[in-house]
Amino acid sequence: MKKYGRSFLAFLALLLISSFIFLPQKSMGAGTGRISDVQLLARAINGEARGEPYEGQVAVGAVILNRVKSPNFPNSIAGVIYQPGAFTAVSDGQINVPIDPNSTVVKAAQDALNGWDPTYGCLYYWNPATATSKWIWSRKIVVKIGKHNFGK
Amino acid sequence: MGENRVIENDGKVCQDKETYYRTINWNKAKNVIIAILLLTTIFGAYQYDRANKLKNHLNNTYNRAFYELVDYVSNVEIMLLKTMMTSSPELTVTTLRELSQEAYNAASNLSQLPVSVGALSNTEKFLSQVADMSQSIARQTVRGVPMSDEQYNTLASLHKFSLELEKSLNELKNDLSNGNFSWDNVAKEGEEDFSQTSEEMPKTFSSIDQSFSEMPTLIYDGPFSEHMQNRNALGLTGQQVSENQAIESLGKFLGKDKINNVTKLSDNKNGIIDTYNFKIELAGKKEHSVVEADVSMKGGHVIWYLYNRPVGDTTIDIDKAKAIGLKFLEDRGYKNMKDTYYLETNGIATINYAYTKDGITYYPDLIKVKVALDNGEVVGFEAKGYFMNHTERNLAAPKISQQEARAKVIRGESIKASGLALIPTDYGTEILCYEFIGKLEEKDFLVYINAETGAEEEVLLILNTDDGVLTM
């Protein structure tokens with residue numbers, strides 16, 4: 001009986017550990033307060049244009065804001081960012097990770113909100129090296145900033 | 001170690017022990033394998049169940065968005081017809097507002113469907129414009145101007161489109177409820193090239209969207225009106241300049257002694273203000289010394305620049321910063337500018353300046369200057385508003401006095417006047433108004449009374465008052 005007892009104990013322990021690992025995790029990250037537009041925009045920029053020049057980061061923020069103003073897209077920042085399939089940073093969950101308020105992407109988001117728009121009203125951008133959609137190439141390229149093409 | 005010693009001392013016991021240990025080892029291994037198998041099965045079953053639940057949850061969310069969309073679109077169709085039949089202004093306004101609400105809801109639900117961005121772009125535009133335009137006609141009706149024949153005809157044509165959309169959506173709805181397609185497949189289709197029709201789907205979203213490409217161009221008093229998309233830069237003066245001339249004017253603007261190296265990154269042919277895009281390395285700085293800037297091809301004006309650098313402790317107060325910004329603008333030929341608003345974040349003040357002349361503040365002619373509050377350096381400039389709108393205007397003299405205008409403001413005692421202002425509407429026109437500023441529930445607000453008609457044109461509430469301050 002003793003030998004079964006031991007392995008039974010081991011089994012129980014494993015079950016316990018595994019339940020901790022695999023059970024749905026509750027309340028990840030900061031859940032306090034309202035997320036401001038700046039923070040939401042900064043998270044999107046962080047996911048989409050982290051390694052880009054500063055201007056390129058502002059440009060991605062500007063595209064999101066241009067979509068808010070366009071009849072072809074939802075009418076709020078959250079609506080545009082969370083539109084299914086619109087941004088990879090949303091699909092892979094990066095959008096829900098808080099960003100340090102002193103980081104560069106927050107400054108870029110702030111500048112975009114304050115009206116800096118290096119794209120002059122563009123609604124789309126894509127990385128020509130990785131873009132999979134053939135359709136996106138039907139857009140007219142307005143400007144290239146860093147790795148991204150911006151179009152209307 | 002203990003086991004080995006037992007074996008040395010007594011062979012017989014040893015043999016028994018060996019068998020004994022072998023059995024125990026085998027049992028142990030068996031138990032572990034069974035445990036692992038059990039765990040994997042439990043884990044697998046649990047994960048499968050969870051994934052299935054999540055999938056169902058997601059499908060239900062999409063189904064809800066879609067079924068609601070069908071209802072909203074059906075309401076849009078009915079309300080469009082209704083607006084064409086109502087005659088009393090009261091009922092017309094109510095119906096138009098309801099129509100607008102239904103169309104907005106439809107647009108909002110449409111954007112929640114897992115269809116790739118762009119696939120339903122024309123459909124979204126149709127709904128947004130119906131919502132926007134009915135608001136515009138409602139405003140007009142309130143002012144006592146009845147619907148024109150042209151507007152009636154536009155509504156009639158929009159109704160035809162809404163009928164078509166309703167029909168297509170109902171076909172999809174049938175397929176969805178018959179289980180002919182699920183949102184998983186639509187989402188997958190969207191990831192690839194959605195112009196290819198999937199065999200699984202009898203009528204794709206792209207073909208629905210296609211029917212809207214022949215939508216008439218809608219011009220009306222609203223932000224989504226077509227004329228807002230193609231505006232000219234009224235304030236952009238001068239001849240076409242070469243790249244070298246653009247670099248020259250960039251040198252004048254930033255100070256030649258401060259520039260180490262200029263690289264042209266690209267030509268920005270946006271059709272609104274075509275520009276050369278430059279990267280400038282600053283002289284005498286160690287790190288983060290890159291300025292990015294746009295110089296217009298017409299006239300060689302600096303349209304904007306940004307200099308992102310770490311900002312140290314604040315040593316400059318906002319009044320000093322405003323004076324620095326004003327001097328910066330004056331030195332570069334922008335006279336008669338007045339600061340109207342500023343926002344302070346991360347040690348940087350972003351100050352708005354508007355053009356003023358003869359006591360009138362021209363809000364459309366807007367320039368923003370970023371001043372770093374550690375040493376007063378100007379780290380950003382943005383003048384698109386100025387270049388889009390600044391022009392010699394022939395404004396009619398106000399027909400009503402400031403006193404008359406003030407009498408129209410509710411709770412006038414808490415309010416102070418700040419004179420005449422030209423304000424932009426969200427559909428591209430400008431109105432001369434008396435501007436009044438006040439505070440309500442700790443929030444700054446602005447009231448604009450039309451200087452010609454006395455109508456209350458706009459009430460603006462300034463949000464984020466913890467960061468941003470009105471400076472009039």
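**Two chains in a predicted model**

In this predicted model, the C-alpha centres of domain 1 and domain 2 of chain B are separated by 42 Å. These domains belong to a division of chain B, taken from an automatic or database domain assignment, into domain 1 (48–228), domain 2 (243–389) and domain 3 (402–470). Residues are numbered from 1 along each chain as its sequence is written, while chains are lettered from A and ligands numbered from 1 in the order in which they are written. Because the model is predicted, local features need pLDDT of at least 70 and side-chain atom pairs count only at pLDDT 80 or more, whereas totals for chains, interfaces and linings use all residues.

Confidence was examined for the whole model and along chain B. The model scores ipTM 0.84 and pTM 0.83. Where pLDDT is low, the predicted coordinates should not be read in detail.

Between the two chains, 46 residues of chain B are in contact with 38 residues of chain A. The elements giving two or more residues to the chain B side are helices H2 (11–85) and H4 (121–142), together with strands E1 (259–268), E3 (290–296), E4 (302–307), E5 (337–345) and E8 (378–382), all of chain B; helices (H or I, at least four residues) and strands (E, at least two) are DSSP runs numbered from the N terminus. H2(B) provides the largest share of this side, with eight residues. By class, the side of chain B that touches chain A comprises 15 nonpolar, 21 polar and ten charged residues, where Ala, Val, Leu, Ile, Met, Phe, Trp, Tyr, Cys and Pro count as nonpolar, Asp, Glu, Lys and Arg as charged, and the others, Gly among them, as polar.

Chain A contains six helices and three strands, which run from the N terminus in the order α-α-α-α-α-α-β-β-β. Of its 152 residues, 43% are buried, a residue being buried if 20 or more other C-beta atoms lie within 10 Å of its own, exposed if 12 or fewer, and partly exposed in between, with C-beta atoms placed from the backbone. Among the contacts in chain A with a separation of 6 or more, 65% are accounted for by residues 24 or more positions apart.

The three strands of chain A form an open antiparallel sheet in the order E1-E3-E2, with E1 and strand E2 (141–145) of chain A as the edge strands, each pairing on one side only. Two strands are taken to pair if DSSP finds at least two bridges between them. E1(A) and strand E3 (residues 148–151) of chain A pair in the antiparallel sense over three bridges, and within this arrangement A:Tyr124 stands opposite A:Gly151 in E3(A). A:Tyr125, which lies in strand E1 of chain A, is buried because 26 other C-beta atoms lie within 10 Å. Beyond residues up to four places away in sequence, A:Tyr125 touches A:Val60, A:Val63, A:His148, A:Asn149 and A:Phe150.

A:Trp116 is found in the loop between helix H6 (104–113) and strand E1 (124–126) of chain A, and A:Trp116 counts as buried because 26 other C-beta atoms lie within 10 Å. Leaving aside neighbours within four places in sequence, A:Trp116 is in contact with A:Val58, A:Ala62 and A:Asp111, and also with B:Trp304, B:Leu306 and B:Glu382.

Strand pairing was also examined in chain B. Strand E9 (residues 416–424) and strand E10 (residues 430–440) of chain B pair in the antiparallel sense over seven bridges, with B:Lys416 standing opposite B:Ile437 in E10(B). E9(B) and E10(B) form a hairpin with five residues between them, and B:Gly428 in the turn has a positive phi of about 90°. E10(B) also pairs with strand E11 (residues 443–450) of chain B, in the antiparallel sense over eight bridges, and the bridge partner of B:Cys433 in E11(B) is B:Asn450. The hairpin formed by E10(B) and E11(B) has two residues between the strands, and B:Glu441 in the turn has a positive phi of about 50°.

Terms used. Contact = placed C-beta atoms within 7 Å.
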